[in-house]
Amino acid sequence: MGPGSDTAPGKHIPALPEKIILDPEVVHSPMARKVTARLPEAQVMILEPGQNLCHLSDADNSLVIYLKHFRGRFLRPCPATSRYRCCGYQIIHIGENCPLNCSYCILQAYFQDRTVKVWANQHDLMHQLDEAFSKDFRKQFRVGTGEFTDSLALEHLTGYSSDLVEFLNNYSNVCLELKSKIIDLSWMKKALSSQRILPAWSVNSQEIISAEEKGASSLEERLQAAGKCAEQGFRVCLHFDPIIHYPGWEKGYSRTVEMIHDYLQPVNIAYISMGSFRYMPVLKELIEHNHPQSSYIFNEFIMGMDGKSRLLLPLRTEQFRLIAQKLKAGGISKQIYLCMESDLVWKEVLGCTPNDLGGLDKHLLNLSFGRKN
Amino acid sequence: MYNTPQIITVHAESISLDDPCLFWAHSPDNHFISSMEKYGQIEPVLVMAVADQKILVAGYKRVKALKALKRKIMALVLPVADPYLKGQIYLLSNTGQNLDMKKTVLALRYFSSIGRISEEILTNLHLVPGSKLEQLWQSWISIPCSWDTLLAKGNISLECARIMQNLKAEDLEAVYPFFDQLSWSRSSSLNFLTWLGETARMKKAGICRLIHELELAPILQSRLSPGDKIKKIMLVVFQARYPVLSSLKGSLTRKLRQIGAKSGWKVEHLDDYESRELVFSTRVKNIQDLQKALRGLEQISSSKALENWPVK
Ligand code: SF4
């Protein structure tokens, strides 16, 4: 398979890396073979023991893919805080950094260059996952890969999600969410069942997508792809994240919900989250510097109780309420949840708290496995 | 470096005192002149011979004092050097001086004008190369030097340089009178500039226009005390930057103050509406105070004052 095949529609393939850097331990790994074969034009460099990555990165900041022998933990809990409710899923750590360039992306604060790291020692990853998942098959897991990278942005080169889907076919207790802003459905043919794979897309108003998610697929493309997944029997997840306050947001987000109703039936949706834009102080400076046209960072933000800035509560509840109301009008109700919000906001927007649902993590676990709560 | 230093004695008139490397030059006071008169010149001044002229590179105050005393001047003649080395010699021969804001900015302006602020210079100015402070100074010298006196007077904080360096010339000009006429604390000056700048960007207008729209100049020209002027300006700018928050805060503060006034309790909300929590505080000296405070609390809890607060 060449880069970009199996993507539908294939308009938004991220730029191809010009260089492949390899850790010596992974030179003969299946991942290295796959990526080098799919990028025949790219320059290949092997990192000498003790050699620093920045010596090999390009000064012109062109896109580099670094196939790394990762020695850390591949399965991690999602970071939560005591005052705001987290969704409680676990992250399968497959790599770091992203070739897309969303203005609000937190990864800017973590990685200053355009080197996208991919953990190429997949057998170690699978070994660790097997240890965690097979200990007790009665224990269920909701896992995802899109925390330090986009789940599918490099799929056309690495096939990582396809490999994971194939691997997880054997684990009936694990539900995998593949969260992305681009379209690549190549993983689909590796899934033996449509029940435990949840293709997921971030959604936003088209104005925000055009202005702040440059390089990502359009809203229509995402929803078309979601519709295609639904046709194949997959339930999809949608994430309104980050919801941004801008002049005309009411119209923009209302249109997005209308489009969701056009492409998907309530039964096709496992869950939908809503998360307002929030940031650490350092991110604001980076956005100002890297994306000077992005003025949403000057909205009415206050310091939240988790040390992150977030939109003033009445403004964000107004946004949540409008979106929730429009989703409910189309029959999507039980699947809605709020990302990193307090019980106060939950009550105001959804009329209940995570405790009323038996705890958010349990609630989402039930939804992801298709159980009625 | 100087193999054959030569000491000469010359008339003050034959020494040029105009070289820009004398960036801290200032005239001697009477006390200095008297001590020169009493003890004479102990150390030679430093000059460079260019054609038949002597250019002073260190010792301005002594030359001025000796000139006033109509005495000849002892000078060490150094080989001709470029502006960087002249500045460095001047800096090193004045290392004993107390490095305040004014001196630091003058030195940095000089070295920046010749395009060379080396690590050596920074170290001699007690600035750690690459430190946050050094970066702030680098930002400061990118703004017009008309601001230097305001910095030296303490009307504006050096930390504002980070914001000011990104402002357009007309915007910098528009905020100048506010710092020229008022002395701002560090946090007030930072907030003033940040809120103005962010509101302007949000509204896609210049700061200049925003200042006009918010009618800040009349506040500056009013008869209020300087402290009250700053307070009022900050309030207006805050309201422009955070319209919803300031209106919520305004009505809540009024309400909580009313409640507190009757009960003897101070009632505050500290979470910017992220919670509904209120903090009640009071001071008691004795059991009678405590009983009174409890009656006050009962009064509040049995009234309807706190129904539906603060976010509806
Ligand atoms: S797709 Fe996600 S990870 Fe990639 S730049 Fe956008 S926000 Fe960041």
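Q: Why does Arg255(A) count as partly exposed?
A: The relative accessibility of Arg255(A) is 42%, and partly exposed is the class between buried, under 20% relative accessible area, and exposed, over 50% (1.4 Å probe, protein chains only). Arg255(A) therefore counts as partly exposed.

Q: What kind of model is this, and how are its residues, chains and atoms treated?
A: This is a predicted model, in which local features need pLDDT of at least 70 and side-chain atom pairs count only at pLDDT 80 or more, while totals for chains, interfaces and linings use all residues. Residues are numbered from 1 along each chain as its sequence is written, chains are lettered from A and ligands numbered from 1 in the order in which they are written, and side-chain values use heavy atoms, with hydrogens and water left out.

Q: What makes the pair Arg255(A) and Glu258(A) a salt bridge?
A: The term asks for a side-chain nitrogen of Lys or Arg within 4 Å of a carboxyl oxygen of Asp or Glu, and the closest N and O atoms of Arg255(A) and Glu258(A) are 3.1 Å apart, so the pair forms a salt bridge. Both residues lie in helix H9 (residues 249-263) of chain A, three residues apart, about one turn of the helix; helices (H or I, at least four residues) and strands (E, at least two) are DSSP runs, numbered from the N terminus. Glu258(A) has a relative accessible area of 43% and is therefore partly exposed.

Q: How do you know that Glu166(A) forms a salt bridge with Lys190(A)?
A: The closest N and O atoms of Glu166(A) and Lys190(A) are 3.9 Å apart, which means that the pair meets the cut-off for a salt bridge. The pair links distant parts of the chain, with Glu166(A) in helix H6 (residues 160-168) of chain A and Lys190(A), 24 residues apart from it, in the loop between strand E10 (174-180) and strand E11 (197-203) of chain A. Glu166(A) counts as partly exposed because its relative accessibility is 42%, and Lys190(A) is partly exposed because its relative accessible area is 31%.

Q: How do you know that the charged end of Arg241(B) sits over the ring of Tyr242(B)?
A: A charge sits over a ring if NZ of Lys or CZ of Arg is within 6 Å of the ring centre and within 35 degrees of the ring normal. The charged end of Arg241(B) is 4.4 Å from the centre of the ring of Tyr242(B), and Arg116(B) lies over the face of Tyr84(B), at 3.7 Å from the ring centre. Tyr84(B) also belongs to one aromatic cluster with Phe23(B), Trp24(B), Tyr90(B), Tyr110(B) and Phe111(B).

Q: Which residues are around the ligand, and what makes them count as such?
A: They are Cys98(A), Leu100(A), Cys102(A), Tyr104(A), Cys105(A), Leu107(A), Asp150(A) and Lys181(A), because a residue counts when one of its heavy atoms lies within 4 Å of the molecule.

Q: What sets Asn97(A) apart in its phi, and why does it count as buried?
A: Asn97(A) has a positive phi of about 85 degrees although it is not a glycine. Most residues other than glycine have a negative phi, and most peptide bonds are trans. Asn97(A) is found in the loop between strand E6 (95-96) and strand E7 (101-102) of chain A, and at 7% relative accessibility it counts as buried.

Q: Is Asp272(B) buried or partly exposed?
A: Asp272(B) has a relative accessible area of 21%, so it is partly exposed. Asp272(B) has a positive phi of about 50 degrees although it is not a glycine, and it is found in the loop between strand E6 (266-268) and strand E7 (279-281) of chain B.

Q: What is the peptide bond from Asp241(A) to Pro242(A), cis or trans?
A: The bond is cis, with omega near 0 degrees, and Pro242(A) is found in strand E13 (residues 236-243) of chain A.

Definitions and conventions:
Rings of Phe, Tyr and Trp (its six-membered ring) pair if their centres lie within 6.5 Å; planes under 30 degrees apart count as stacked, over 60 as edge-to-face and the rest as tilted.
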